[in-house]
Amino acid sequence: MLGKVYDHEVQVYVSNGSLAHFTIREMHDLYTSWQMWVLVLVGFLIMATGHPVTLPQFDSFGLRLAFWLIALLVYLVVSMVYALASCRIWRAVFGGPIPLIVLSTPLVLASTYLTAGALTVLFEPGKPPFGSMTWQMNVRNVLVAHVFETVALLWLLPAQRARKAKATAARVITLAGKKVSLAEVARVKAAEHYLEIHTSDGIEIMRERMATFLDQVHAEDGIQTHRSHWVARRTAQSLNGSKLTLQDGEKIPVARGRLDDVRTWLDTHNDGGEIA
């Protein structure tokens with residue numbers, strides 16, 4: 001269940017007019033990368049310094065730093081669940097991708113107001129909970145956050161995908177005690193107690209279980225269309241009814257209970273895939 005949520009795709013319109021798409025799993029991986037944390041650190045320094053009008057109006061400089069640090073952490077922790085829910089609602093109402101600025105503005109404002117209210121109540125109880133906030137500060141928060149989100153989507157995410165593709169090409173899996181390059185595997189078929197490993201060089205038969213193979217691959221690598229069939233991402237071409245057509249013209253059966261999963265996977269992971 002959690003895997004399906006992680007593989008759900010989010011689509012947003014960036015300010016330059018381009019359409020960006022990413023899965024929750026990719027978002028999680030991006031948040032745990034050092035490149036993202038360098039970007040976050042730069043954003044923190046920008047937000048924590050600047051003209052006094054655009055800073056939270058706390059008496060203590062330490063509270064102002066704490067405000068930005070906590071607000072950023074709240075934003076990062078909540079953003080994955082928030083992005084998934086917001087995009088589903090937007091698509092249900094408007095039928096298309098959500099503009100990035102529309103997606104992020106409520107989250108930015110909610111993170112900053114929640115943090116400001118909590119810090120005021122805890123450390124400056126005599127003041128109004130949101131007295132430290134100004135409209136200039138809100139505008140600055142939204143714009144700065146939008147710039148950094150755009151950088152993450154247009155530069156960091158493609159770079160992350162390139163690194164992952166390179167790592168995948170170098171990955172090996174172990175089947176029946178033998179090392180197999182995952183990049184060479186086009187599809188796998190289970191036949192009783194054996195696996196048929198289809199590669200560009202032909203077919204290799206191994207005494208192994210499909211479960212052993214599936215434990216070593218991810219959604220980015222390919223999709224199990226049927227309990228007896230797995231297809232690599234680079235091989236899948238189009239879905240027609242209950243058949244997945246491969247680039248070589250071969251048609252692989254798709255179990256009725258997996259049709260929605262295969263359709264979603266093809267839309268998410270295979271940019272050139274078609275669904276009929």
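Predicted model: local features only at pLDDT ≥ 70, side-chain atom pairs only at ≥ 80, totals over all residues.

At what angle do the axes of α4 and α5 cross, and how close do they come? I got roughly 140 degrees, with the axes coming within 7 Å. Axes here are lines fitted to C-alpha atoms, for helices over the stretch in contact, and angles run from 0 to 180 degrees between N-to-C directions. That makes α4 oblique to α5; angles under 35 degrees count as roughly parallel, over 145 as roughly antiparallel, 65 to 115 as roughly perpendicular and the rest as oblique.

Residues are numbered from 1 along each chain as its sequence is written, and side-chain values use heavy atoms, leaving out hydrogens and water. Helices (H or I, at least four residues) and strands (E, at least two) are DSSP runs numbered from the N terminus.

**Other helix pairs**

I turned to α3 and α4 next, and their axes are 10 Å apart at an angle of about 140 degrees. That makes α3 oblique to α4, and I logged this crossing as right-handed. On the α3 side I found W37, V40, F44, M47 and A48, meeting α4 residues that include F61, L65 and W68 (contact means heavy atoms within 4.5 Å).

For α2 and α4, I read a crossing of roughly 170 degrees, with the axes coming within 10 Å. That makes α2 roughly antiparallel to α4. I24, M27, H28 and Y31 of α2 make the contact with a set in α4 that includes Y75, L76 and S79.

**Cores**

Which residues have the most contacts inside the largest nonpolar core? I listed V12, M36, F67, W68 and L153, in a core of 43 residues. Such a core is a set of buried Ala, Val, Leu, Ile, Met, Phe, Trp, Tyr and Cys residues joined through side-chain atoms within 4.5 Å. Among the elements giving it two or more residues are β1 (9–13), β2 (19–23) and α6 (135–170). I also found a second, separate core of 15 residues, which includes V185, V188, I197 and W230.

**α5 and A116**

I traced α5 over 24 residues and 34 Å from its first C-alpha to its last, close to the 34 Å expected at 1.5 Å a residue (1.5 Å times one less than the number of residues). A116 lies in this helix. Is A116 buried or exposed? It is buried, with a relative accessible area of 0%; buried means under 20%, exposed over 50% and partly exposed in between, with a 1.4 Å probe and protein chains only. Leaving aside neighbours within four places in sequence, A116 is in contact with F58, F67, P129, S132 and M133.

**Two loop residues**

I found D215 in the loop between α7 (210–214) and β9 (222–226), exposed at a relative accessible area of 65%. T235 sits in the loop between β10 (229–232) and β11 (236–240), but T235 is buried at 8%. Not counting residues up to four places away in sequence, T235 touches A186, L246 and Q247.

Key:
Left-handed = near helix turned anticlockwise from the far one by under 90°.
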